[in-house]
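Subject: A structure for you to look at

Hi,

Here is the structure I promised to pass on. Have a look at it first, and then read my notes below.

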Amino acid sequence: MKASFHVLLLLFASLLYPYGLEQQDQKNPKLDDGTSKKVTLTVPFTFYGQEHQTLYVNNNGVISFDTRVNQYTPDPFPLADGRPFVAPYWADVDNVLGGDVFYRQTTDPTLLALITNDINQYFPTIPYTATWALVATWDHVAYYGSTTNKGNTFQAILTTDTKSSFIILNYWDIQWTTGAASDGDPETGFGGTPAHAGFNSGDDSNYYNIPGSQTEAIINITKTSNVNVPGRWVFQVDDFKVTGVPVEVPKVSENNDCWL
C-alpha cells in the first residue's frame, strides 16, 4: 500500500505542476458560472499573433483574453462572436457544489526550469527558456446539477520567453463531461452537450478543436496526447502550430492505452 501511494505521488508530480494556496495561488469565488477578477499580466502573452495584457480564468474551464466567459454550454470553434480564448475543458462547472479553481502568475525559477525542460523535450528545434508562466488549475470541480461527488482535475499553463508562447494542458482526472443545464444527466454527468477542448483565435480561420471534443469520447482525454504523455497536450501559440496530432477521434474506452 505504501509503495502504491508513492507511485501515485510520482505520477501526480510528473503531470500536474504545483498548485494551491501553498503556492500562493489565487482562488476563484464559489460562484456558479463565475470568473476570476481581471488578471493584468506582468508579461504580455502573444496568442495567434495578438499580444494580450489581461485575461480571466473562468470557472467553466476557459481562459479568456480581455473579456469574461460565463457561457456554460460549449460551442464548437470557430466562434461566431470572435472571442479569443483557450478552452482546457469548457463545460458547466459548479464550484459551489465542489472543488476549487486556482491560478497564479509566476517567475519562480524552479517551476520555470521544469516548464523549460518539458517544452524543449517536446519542441527540440525551438530554443526556449521560460521567463514567465500563468498556472490555472481546476481541482476536483463538480458539474452543475450534480447529485454525485464526481470531480474533474485539469490544468492549463500559459508560458512565454517574450518571443515564443506555449500552452500546456494537463488532464489528471476527468469523471464527468456535461452539466445538467447542458442536458446532462445529474446522476452521471454524461449525455447532452459534452465538454469542448481547444483554442479560438477570434477570427474564423485560426482555431483548433482537440479530437473528441463535444462527444462522449472527451471523457478519455486523460489518455490522449500530442506529445506522447497521456493526459498532456502542448501547443506553440504565438504563431499557432499543431504538431503530433493524429486524424482519428479517440474511442470511448476503459483501458489505459494512450491515444496519440
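This is a predicted model: local features need pLDDT of at least 70, side-chain atom pairs count only at pLDDT 80 or more; totals for chains, interfaces and linings use all residues.

Let's start with two strands: E5 and E10 (residues 196-200) pair in the antiparallel sense over four bridges. Strands here are DSSP runs of E with at least two residues, numbered from the N terminus, and two of them pair if DSSP finds at least two bridges between them.

Residues are numbered from 1 along each chain as its sequence is written, and side-chain values use heavy atoms, with hydrogens and water left out.

Back to E5 (residues 85-90), which also runs antiparallel to E4, with two bridges joining them. There, Val-86 is the bridge partner of Ile-63, and Phe-85 sits opposite Ser-64. Six of the six residues of E5 are buried, so the strand is largely enclosed by the rest of the structure. (Buried means under 20% relative accessible area, with a 1.4 Å probe and protein chains only.)

E4 is joined to E3 (residues 50-58) as well, by four bridges and again antiparallel. Ile-63 turns up here too, opposite Val-57. The hairpin of E3 and E4 has three residues between the strands, and Gly-61 takes a positive phi near 80° in it.

Which way do the E4 side chains point? Val-62 and Ser-64 go one way, Ile-63 and Phe-65 the other, and all are buried. In a regular strand the side chains alternate between the two faces of the sheet.

Now for the rings. Rings of Phe, Tyr and Trp (its six-membered ring) pair if their centres lie within 6.5 Å; planes under 30 degrees apart count as stacked, over 60 as edge-to-face and the rest as tilted. By this rule there are 19 aromatic pairs. One of them is Phe-47 with Phe-65, a tilted pair at 5.0 Å centre to centre and 35° between the planes. Phe-47 lies in E2 (residues 39-47) and Phe-65 in E4 (residues 62-65), so this pair ties together parts that are 18 residues apart in sequence. Phe-47 is buried at 0% relative accessible area, and Phe-65 is buried at 1%.

Trp-233 and Phe-235 have ring centres 6.2 Å apart and planes at 15°, so that pair is stacked.

Note on methods: Buried means under 20% relative accessible area, exposed over 50%, partly exposed in between (1.4 Å probe, protein chains only).
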